[in-house]
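Please keep the sequence and the structure in view while reading.

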Amino acid sequence: VADIVTISLVDPNSLAVAESKTGALMIDGNLSVTFTTITSGSSYYIKVNHRNSIETWSANPVLFNGPTSYDWTTAPTQAYGLNLTEVEPNIFAIYSGDIADANLGVGYQDGVIESTDYSEMENAVTQITVGYVPQDITGDGVVESTDYSIMENAVTAIVFSIHP
């Protein structure tokens with residue numbers, strides 16, 4: 001297990017959350033959750049929330065008619081507003097770095113990776129913070145320069161959550 005992620009299915013008409021499940025994101029990038037209250041044959045946006053990543057939505061509603069899979073890694077067009085970053089040639093991922101809200105602090109996300117997140121990351125790097133904390137973007141258990149460089153790139157790109 002690499003981390004914990006919350007997946008929500010959102011009604012495309014009302015934009016109300018139909019159902020949410022929290023699941024274990026595996027090291028290979030796979031995650032499996034079972035939705036129990038949605039209507040089979042209906043389409044929903046897929047919304048992903050994670051402790052230090054920007055909230056990301058599927059580009060379009062996805063038809064749920066039995067077991068359904070969605071691969072975020074194949075193209076930026078998989079996310080609403082093309083809101084993915086290329087981490088390797090032709091491999092895409094959700095942006096990381098939304099770790100703080102200007103008013104509420106670390107652990108509260110505000111949907112944008114900006115100077116507040118950057119400052120909180122800087123503080124954590126200086127203190128050599130360890131453990132399962134929002135500032136640990138790489139997930140290796142320690143906040144250090146690798147986390148800092150990911151944050152720096154996201155802040156420079158002015159990344160924010162894009163959704164309907």
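The expected span of a helix is 1.5 Å times one less than its number of residues. The model is a predicted one, and that rule can be applied to helix α2, whose 13 residues (145-157) should therefore span 18 Å, in agreement with the 18 Å that separates its end C-alpha atoms.

- The buried residues in α2 are D147, Y148, M151 and A154, and because they cover an arc of only 130° around the axis, they lie on the same side of α2.
- In an α-helix there are 3.6 residues a turn, so residues three or four places apart point the same way.
- S145, N153 and T156 are exposed on the other side of α2, whereas the cover over the buried residues of the helix includes α1 (115-126).
- At the start of α2, a side-chain oxygen of E144 comes to within 3.0 Å of the backbone nitrogen of T146, while just after the helix I158 adopts a positive phi of about 55°.

**Aromatic rings**

- A search of the whole structure finds six aromatic pairs; in one of them, F35 and F64 have ring centres 6.4 Å apart and planes at 85°, and the pair is therefore edge-to-face, given that planes over 60 degrees apart fall in that class.
- This pair links distant parts of the chain, with F35 in the loop between β2 (17-25) and β3 (42-50) and F64 in strand β5 (residues 62-64), 29 residues apart.
- Both partners fall under the 20% relative accessible area that defines a buried residue, with F35 at 17% relative accessibility and F64 at 8%.
- Ring pairs join F35 and F64 with Y44 into a cluster.
- Elsewhere, a charged side chain meets an aromatic face, as R51 lies over the face of Y132 at 4.0 Å from the ring centre.

**The loop serine S58**

- S58 is placed in the loop between β4 (53-57) and β5, and this serine counts as buried because its relative accessible area is 0%.
- A polar atom of the S58 side chain lies 2.9 Å from the backbone oxygen of N60.
- When residues up to four places away in sequence are not counted, S58 touches Y44, Y45, I46, Y70, W72, Q78, A79 and Y80; among these contacts is Y44, which also belongs to the ring cluster with F35 and F64.

Technical notes:
Residues are numbered from 1 along each chain as its sequence is written. This is a predicted model: local features need pLDDT of at least 70, side-chain atom pairs count only at pLDDT 80 or more; totals for chains, interfaces and linings use all residues. Side-chain values use heavy atoms; hydrogens and water are left out. Rings of Phe, Tyr and Trp (its six-membered ring) pair if their centres lie within 6.5 Å; planes under 30 degrees apart count as stacked, over 60 as edge-to-face and the rest as tilted. Helices (H or I, at least four residues) and strands (E, at least two) are DSSP runs, numbered from the N terminus. Buried means under 20% relative accessible area, exposed over 50%, partly exposed in between (1.4 Å probe, protein chains only). A charge sits over a ring if NZ of Lys or CZ of Arg is within 6 Å of the ring centre and within 35 degrees of the ring normal. The arc is that of the directions from the helix axis to the C-beta atoms. Contact means heavy atoms within 4.5 Å. A polar contact is a pair of N or O atoms within 3.5 Å; within protein, one must be able to donate a hydrogen and the other to accept it, and residues adjacent in sequence count only if both atoms are side-chain atoms.
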